[in-house]
Amino acid sequence: MIRGAMISELFDLSQTIAADIFEGKTYPWEVLPEIHDFILKLGPTLPKDEYEEKEDGVWIAKDATIWPTVSITGPCIVCHKAVLRQCAFIRGNAIIGEGTVVGNSTELKNVILFNSVEAPHYNYVGDSILGFHAHMGAGSITSNIKSDRKNIVVRGEGQEIETGMRKIGAMLGDWTEIGCGSVLNPGSVIGAHTNVYPLSSVRGVIPGHSIYKKEGEIAEKREEV
């Protein structure tokens with residue numbers, strides 16, 4: 001096992017409506033093929049006084065804010081007090097947590113966004129999971145497929161995990177901060193409470209409670225006194 005890449009190390013599962021999908025799994029990317037069916041199973045069970053099925057497979061909390069120019073393809077669940085701003089593009093298989101912000105021209109596909117996530121400006125988030133209070137700086141993206149189209153291998157601590165999957169974006173632990181203009185390469189895992197410098201190109205597993213400055217230069221965060 002790769003330390004820092006496991007579900008138990010990355011996420012507070014009480015901060016997502018999708019907690020059950022992680023049951024019995026070790027690594028977060030294992031849930032990606034199940035998001036579609038999970039939404040279609042969960043959606044009809046949501047309280048009808050709190051959620052409205054706007055169209056087939058699209059459930060939106062009545063207190064969510066959806067701008068008129070937003071495009072949503074199901075299946076999708078938009079939770080309480082989420083905000084989808086102008087020209088957000090939801091391509092399907094998306095769970096958008098409570099209080100989450102999906103900003104202008106941000107595109108989502110096959111994702112779980114925990115509560116209070118911010119993807120507010122020109123972000124692409126595909127085949128990815130963003131933990132509680134994770135923040136994507138303007139223009140930062142998850143790259144979800146290799147240029148050679150081969151299966152993705154997750155690397156960390158001198159170990160490799162063959163995922164058997166062609167599409168994996170990034171797994172962001174709780175309270176991660178991704179700097180503006182950064183690219184998270186396929187299969188990247190960013191540990192909880194970690195900051196990534198702007199304009200970074202990130203690969204592999206980055207430890208929690210650290211600062212990623214560039215490849216080969218990762219500093220441990222100092223505890224605030």
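Tutor: Two rings of Phe, Tyr or Trp (its six-membered ring) pair if their centres lie within 6.5 Å, and the planes count as stacked when under 30 degrees apart, edge-to-face when over 60 and tilted for the rest. By this rule the count here comes to five aromatic pairs. The structure is a predicted model, in which local features need pLDDT of at least 70 and side-chain atom pairs count only at pLDDT 80 or more, while totals for chains, interfaces and linings use all residues. Residues are numbered from 1 along each chain as its sequence is written, and side-chain values use heavy atoms, with hydrogens and water left out.

Student: How many degrees lie between the planes of Phe-11 and Phe-22, and what kind of aromatic pair do they form?

Tutor: A pair of aromatic rings is described by the distance of the centres and the angle of the planes. For Phe-11 and Phe-22 the centres are 6.0 Å apart and the planes stand at 50°, which is a tilted pair. Both residues lie in the loop between α1 and α2 (35-42), so the pair ties together parts that are eleven residues apart in sequence; helices (H or I, at least four residues) and strands (E, at least two) are DSSP runs numbered from the N terminus.

Student: Is Phe-11 buried or exposed, and what does Phe-22 count as?

Tutor: Buried means under 20% relative accessible area, exposed over 50%, and partly exposed in between (1.4 Å probe, protein chains only). Phe-11 is buried at 7%, and Phe-22 is buried at 3%. Together with Phe-114, Phe-11 and Phe-22 form one aromatic cluster.

Student: What kind of pair do Phe-132 and Trp-175 make?

Tutor: Their ring centres are 5.7 Å apart and their planes are at 85°, so this pair is edge-to-face. Phe-132 sits in the loop between β12 (124-130) and β13 (135-136), and Trp-175 in the loop between β17 (170-172) and β18 (177-178), so that the pair links distant parts of the chain, 43 residues apart. Phe-132 is buried at 16% relative accessible area, whereas Trp-175 is partly exposed at 39%.

Student: Which residues lie nearest the centre of the largest pocket?

Tutor: A pocket is an open set of points on a 1 Å grid where a 1.4 Å probe fits, with protein on both sides within 12 Å along at least five of seven lines, and its lining residues have an atom within 4 Å of a point. The largest pocket is lined by 21 residues, of which Arg-155, Asn-185, Pro-186, Arg-203 and Gly-204 lie nearest its centre. Strand β15 (residues 153-156) gives the most to this lining, with three residues.

Student: To which strand is β15 joined, and by how many bridges?

Tutor: Four bridges join β15 to strand β16 (residues 159-162), and the two run antiparallel. Gly-156 has Gln-159 of β16 as its bridge partner. The hairpin of β15 and β16 has two residues between the strands, and in it Glu-157 takes a positive phi near 55°.

Student: Which residues line the second largest pocket closest to its centre?

Tutor: Of its 13 lining residues, Arg-3, Gly-4, Ile-206, Pro-207 and Gly-208 lie nearest the centre. Helix α1 (7-10) and strand β23 (205-206) each supply at least two residues of the lining.

Student: Where is Glu-98 found?

Tutor: Glu-98 belongs to the loop between β8 (94-96) and β9 (101-104), and at 39% relative accessibility Glu-98 counts as partly exposed. From Glu-98 to His-36 there are 62 residues in sequence and 19 Å in space, C-alpha to C-alpha.

Note on methods: Two strands pair if DSSP finds at least two bridges between them.
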